[in-house]
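Thanks, everyone. I have one structure to go through today, so please have a look at it before I start.

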Amino acid sequence: MASIRIILCAAAGLLLCAAPAGASTLIIGGGAAKECANAALDGRSDNASIITCTLALETEILNFRDQARTYVNRGVLHLRQRDFDGAIGDFDAASKIDPGLGEAYVNRGAAYVGSSRYGEGLAQIDQGLALGVKDPQKAYFNRGIAHENLGDVKAAYLDFTKAAELDPDWQAPKQELTRFTVKRP
């Protein structure tokens, strides 16, 4: 099998401009927890949505799965605001409640990547992927960012490629792939 060399085509010194992608989970039912889930799914990041999530966690009777998912959804909102510490705190709370919730790990990984803690991000994303997640393409995208910033260009290329394969309509990984040239020896 021929080996593949991957060459990054970006300007020297430029590591990566992409922001980490966040995932979310869906809450079944009604009330503030459902509104929190909708905010996460709709891509919102406003403070009112975070307050709604907090209200759900503090006042609604949620089973352990819905409570963990509400923490993930609020964490996603914090992540979008670039409040990485707040996001990590919520993902930690979700993992304590439901250690098998892959979304908590991949999103915590995204928060680590966003705060330039790439090694920690890789470990969390790998664990989340192993547990299974709803939107693995986002995890692969974030893992690609981490790999690239750690100097593993080939792994970054493969992760961006996997993200693009999993969601052919998503432009972010395709945009990242335009910076690479693959040469076969």
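Which two residues form a disulfide here, and how far apart are their sulfur atoms? The pair is C36 and C53, and the sulfur atoms sit 2.0 Å from each other. Keep in mind that this is a predicted model, and the values I quote are computed from it.

I searched the whole structure for such pairs, and the search returns one disulfide. As for its geometry, the S-S torsion of C36 and C53 comes to about 95 degrees, so this disulfide is right-handed.

Where does each cysteine lie? C36 belongs to helix α1, which covers residues 31-41, while C53 belongs to helix α2, residues 47-59. The bond therefore ties together parts of the chain that are 17 residues apart in sequence.

Are C36 and C53 buried or exposed? Both are buried, and the cut-off for that is under 20% relative accessible area.

Now the rest of the protein. Its secondary structure amounts to nine helices and two strands.

On burial, the protein has 185 residues, and 49% of them count as buried.

Last, the contacts. Taking those with a separation of 6 or more, 60% are between residues 24 or more positions apart.

That is what I have; I can take questions now.

Technical notes:
Residues are numbered from 1 along each chain as its sequence is written. This is a predicted model: local features need pLDDT of at least 70, side-chain atom pairs count only at pLDDT 80 or more; totals for chains, interfaces and linings use all residues. Side-chain values use heavy atoms; hydrogens and water are left out. A disulfide is a pair of cysteine sulfur atoms within 2.5 Å. Helices (H or I, at least four residues) and strands (E, at least two) are DSSP runs, numbered from the N terminus. Buried means under 20% relative accessible area, exposed over 50%, partly exposed in between (1.4 Å probe, protein chains only). Contact means heavy atoms within 4.5 Å.
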